[in-house]
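Morning, everyone. Please bring up the model on your screens, and keep the sequence beside it.

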Amino acid sequence: MNYPVFLHIGLRYARTSKGSHFIAFINLFSVVGIALGLTALITVASVMNGFELQLKNRLLGIMPHVVVDTRNLDNTDSVLAELNGIEGVDHTSAFIESEGVLQSKRGIQGVLVQGVEPDVMQQNSIIAENMMIGKLSDLKQGQYKVAIGRALATKLNLRPGDKTRVISAASSVYTPVGRMPSQRLFTVVGIFDVGSQLDDKVVLMNIHDSAKLLRKPLRKVIHTRLFLEDAFDYLEVEKHIGLPTNNWRTRQGPLFDAVKMEKNMMSLMLLLIISVAAFNIVSALVMVVTEKQGDIAILRTQGITSKEILGIFLINGLYNGLKGTLFGLIGGLALVMLINPFLSLIDAPVAMSADGQGIPIDMQWGQITSMVILSIVLCFLATLYPAYKALRTKPALALKYE
């Protein structure tokens with residue numbers, strides 16, 4: 001195959017093992033640095049993506065994505081049809097949420113009381129997928145049953161079949177001894193374990209029982225809960241809703257912002273490592289240009305154009321950059337894919353994913369492609385100055401003492 005002259009010479013300079021051992025060491029150092037930096041960047045980004053996805057699924061699986069205020073509406077059916085037709089909405093459900101207190105013989109705990117439609121939740125909720133005991137469909141109307149998280153059950157020493165008192169902080173009744181909060185005994189019929197920090201703060205009951213606990217007609221307290229295909233698209237969905245809304249960011253936004261900031265800062269630090277390694281190419285290429293002054297002058301006298309001289313040293317520098325990027329990509333993908341099998345092999349007690357099977361991993365190919373492109377761009381920028389320095393070589397001065 002016939003290569004252009006500048007490509008042939010550039011690859012020959014890059015591959016040669018003769019000459020300065022110091023230049024060869026710097027080249028090796030830059031390749032290894034780029035490879036290790038990109039490997040670390042791909043690994044850390046994939047693990048952070050995994051943790052973010054796990055947090056999103058666990059936390060936002062319990063917390064409503066968007067809640068629409070549909071109280072006292074006369075055209076409820078048409079409103080629900082309109083909400084279900086919005087792009088990005090997976091399904092809707094009637095919903096009531098209020099603050100309360102759960103009391104057992106062992107103690108009391110402040111909770112969020114969620115009145116839900118059991119059949120809808122049984123079909124579409126992550127809670128239904130993580131029920132340890134019972135089913136959400138067991139929350140029958142008028143039977144005053146509740147489902148609680150395993151953490152809350154442990155804290156209050158509650159088991160299926162136990163009675164527990166639910167006290168509502170949003171309503172009260174008058175008694176001979178004064179005004180008292182509304183309360184009722186409920187039976188524990190289900191225990192779930194989503195692995196979320198809300199497991200010890202949320203109590204689920206039938207929506208009709210929740211309205212009775214609040215001592216209000218259902219239509220005066222009912223809201224509509226929207227389950228989105230992607231909880232992060234809540235703003236786009238809310239644009240199409242003409243009623244008052246509330247979304248998950250009002251409660252958990254700072255937590256996700258902190259996770260995102262941590263991921264961005266770690267990526268920035270690792271990119272700086274790649275940048276340092278990439279700009280070692282500058283040192284190596286400057287020394288190569290100085291060493292090859294005579295060769296450059298001879299090539300210029302034989303008719304090599306300025307663009308071809310520029311191309312020779314761009315190819316020389318990019319060769320090492322591409323080599324380091326390729327090794328880094330292979331190393332990063334291999335490490336991400338093998339990290340959990342390796343932890344299992346050495347019997348390391350790491351169980352951070354939702355299924356308890358090691359470190360959560362989420363490889364996003366678009367993100368990895370962006371990292372590879374950025375690495376190549378940094379290597380290209382590092383070759384510009386040495387290539388320009390070679391371009392300014394004057395043949396007469398370079399050959400003066402030859």
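A charge sits over a ring if NZ of Lys or CZ of Arg is within 6 Å of the ring centre and within 35 degrees of the ring normal. Keep that rule in mind for a moment. First, a word on the source. This is a predicted model, where local features need pLDDT of at least 70, side-chain atom pairs count only at pLDDT 80 or more, and totals for chains, interfaces and linings use all residues. Residues are numbered from 1 along each chain as its sequence is written, and side-chain values use heavy atoms, with hydrogens and water left out.

Now, which residue lies over the face of F232? It is K56, at 4.3 Å from the ring centre. R184 lies over the face of Y144, at 4.2 Å from the ring centre.

Stay with F232. Rings of Phe, Tyr and Trp (its six-membered ring) pair if their centres lie within 6.5 Å; planes under 30 degrees apart count as stacked, over 60 as edge-to-face and the rest as tilted. By this rule there are five aromatic pairs. Take F232 and W248: the ring centres are 5.6 Å apart and the planes are at 35°, so this pair is tilted. F232 is in the loop between β9 and α9 (234–238), and W248 is in the loop between β10 (245–247) and α10 (249–278), 16 residues apart. Those names come from DSSP runs, numbered from the N terminus: helices are H or I with at least four residues, strands are E with at least two.

F232 also pairs with F256, edge-to-face, at 5.7 Å centre to centre and 85° between the planes. F256 is in helix α10 while F232 is in that loop, so the pair ties together parts that are 24 residues apart in sequence. Ring pairs link F232, Y234, W248 and F256 into a cluster.

W248 is at 2%, so W248 is buried. F256 is at 4%, so F256 is buried as well. F232 has 34% relative accessibility, so F232 is partly exposed.

Next, the strands. Two strands pair if DSSP finds at least two bridges between them. β2 (residues 89–103) runs antiparallel to β9 (residues 223–228), joined by six bridges. There, V89 stands opposite L228. Nine bridges join β2 to β3 (residues 108–116), also antiparallel. I96 stands opposite G115 in β3. β2 and β3 make a hairpin, with four residues between them.

Now the core. A nonpolar core is a set of buried Ala, Val, Leu, Ile, Met, Phe, Trp, Tyr and Cys residues joined through side-chain atoms within 4.5 Å. The largest has 35 residues, and I127, L136, L204 and L226 have the most contacts inside it. A second, separate core has 28 residues, including A277, M371, L378 and A387. In soluble globular proteins, nonpolar side chains tend to be buried together.

Finally, the whole protein. It has 15 helices and ten strands. Of its 402 residues, 46% count as buried. That's my tour, thank you.

Methods. Buried < 20%, exposed > 50% of the residue type's maximum accessible area, 1.4 Å probe, protein only.
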